[in-house]
Amino acid sequence: MREFELKNNIKVCVKENKNTPRAALTLNLSISKPEKHAGEYSIMNRLLLKGTEKYSSEELSTILDENAIDFLTEMKQDYLRFRFVCLNEDFEKALSIMKDVLMNSTFEEFEKEKSKLKGELVAELDSAKVKVSDLFTRTVYKNHYYGNCYTKTLEEIDNVTQEDVVSSYNEILNNSRKSLVLVGDVDSSLLEKYFGDIPAYQNVESVIEEPDDLSQEYAEIIKEDANQAQIIQGWKVPAMDSDDYPVIMLVNVILGASGLSSRLFLELREKKGLAYTVRSAYETHRKSAVFSIYIGTEPSNIETSIAGFKEEIEKIKTVPVSEEELKNAVNNLIGKQQFVTETNSQQANMMAYYSIMGKPFAYRSELQEKLRKVTPEQVLACAQKYFTEDYVLTIIKPQV
């Protein structure tokens, strides 16, 4: 693995996986300002592959299909991602297309894409599971950019103009940290040719504020046609730059992210028969993170399920995990990381993600060492520190 900088100071990592037929490239651009109106960045992302000064939307789609180039743009809260996977012989063609999209997108199908996005969001929110996640996000991140969920987007999207989108894209393109990762068996010298003259790496500080601390809050929506109750309870916890990051990752695996072997699954589904689905999640952004527990259950089981959450949280706060359970959690997490980084594309995405979030490209190795050093005492202390009474509880349920 080689790391270097292009002449415009863009940080590059090249991982040479010899004798692999397809190459993968990921370019991340940091986002340092919140969008003016919810939905602005989503529309921007949708328009990036809808035509350039050189190619119409249809021509671009045809070229990608004919050459079997899997090219995507993805908008995250803290960065904009461009990525592709292609056959080795089409690597330079894929680079030229990415460069064209990056520098010459026209954003011309604005009204059409805005209308399509509104329709898709309305359809998505018909799902009770999506609706409770949306309610949880906007409650946890109330009055914050990270809380720009589906419902808030629908409320504000008509205020977004094409000029807003173009202006925001130019801001991201010209004033961002940039991380570029290539994984495969191709000529990496082409990176300088295609990306050495794009707007330079700028070590900009994010002006996205840290979200407010949580206080205990309950939010509920009645959905008449819901077949079951959907419940999410969550706490604000530290993000990736905290020393507690690997500890919270393991708490997540122990409680609900390890499937059949997790405590929530065993206790609430297997023993008590409360759940169709039960899990925990640790979702991190640059300026904040949230730990949450989710269950889908019969409406008559709402109070019992919430009591079950409380019981399992209290247990991990008061009874040290065994060395065996902790070791199993470490092995589970490291095994999952290996599984989700098998392909060139997965490796490129992972390394570019770590870099744009302020970590080394090879952070996975460092993280795994930290995971192996976590003790039962650290798990106990972490649970006691963050699983307080300052949580958000959200419920979607039918009228009963």
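Start with helix α13, which is mostly covered: 12 of its 13 residues are buried. Buried means under 20% relative accessible area, exposed means over 50%, and partly exposed is in between, with a 1.4 Å probe and protein chains only. Helices here are DSSP runs of H or I with at least four residues, strands are runs of E with at least two, and both are numbered from the N terminus.

Before I go further, the ground rules. This is a predicted model: local features need pLDDT of at least 70, side-chain atom pairs count only at pLDDT 80 or more, and totals for chains, interfaces and linings use all residues. Residues are numbered from 1 along each chain as its sequence is written, and side-chain values use heavy atoms, with hydrogens and water left out.

Back to α13. The buried residues include Met350, Met351, Tyr353 and Tyr354. Asn344 and Ile356 are buried too. For α13, residues 344-356, that gives 18 Å, and the end C-alpha atoms are 18 Å apart, so the two agree. After α13 comes glycine 358, with a positive phi near 95°.

Next, aromatics. How many aromatic pairs does a search of the whole structure find? The search finds 12. Rings of Phe, Tyr and Trp (its six-membered ring) pair if their centres lie within 6.5 Å; planes under 30 degrees apart are stacked, over 60 edge-to-face, and the rest tilted.

Take tyrosine 41 and tyrosine 145. They pair edge-to-face, 6.1 Å centre to centre, with 80° between the planes. Tyrosine 41 sits in helix α1 (residues 40-47) and tyrosine 145 in the loop between α5 (128-140) and α6 (150-156), so this pair ties together parts 104 residues apart in sequence. Tyrosine 41 is buried at 5% relative accessibility. Tyrosine 145 is buried at 10%.

A further edge-to-face pair is tyrosine 141 with tyrosine 146: 5.5 Å between centres, 75° between planes. Tyrosine 141 counts as buried at 6%, and tyrosine 146 at 2%. Ring pairs link Tyr41, Tyr141, Tyr145 and Tyr146 into a cluster.

Now a helix crossing. The axes of α11 (residues 302-318) and α15 (residues 376-386) come within 7 Å and cross at roughly 130°. Axes are lines fitted to C-alpha atoms, for helices over the stretch in contact, and angles run from 0 to 180 degrees between N-to-C directions. Under 35 degrees is roughly parallel, over 145 roughly antiparallel, 65 to 115 roughly perpendicular, and the rest oblique. So α11 and α15 are oblique to each other.

Which residues in α11 and α15 meet? Ile316, Lys317 and Thr318 in α11 meet Val379, Leu380, Ala383 and Gln384 in α15. Contact means heavy atoms within 4.5 Å. The residues of this contact divide into four nonpolar, two polar and one charged. Ala, Val, Leu, Ile, Met, Phe, Trp, Tyr, Cys and Pro count as nonpolar, Asp, Glu, Lys and Arg as charged, and the others, Gly among them, as polar.

Last, a strand residue. Leucine 87 is found in strand β5 (residues 79-87). Leucine 87 is partly exposed, at 27% relative accessible area. Leaving aside neighbours within four places in sequence, leucine 87 is in contact with Pro21 and Arg22.

Notes:
Expected span 1.5 Å × (residues − 1).
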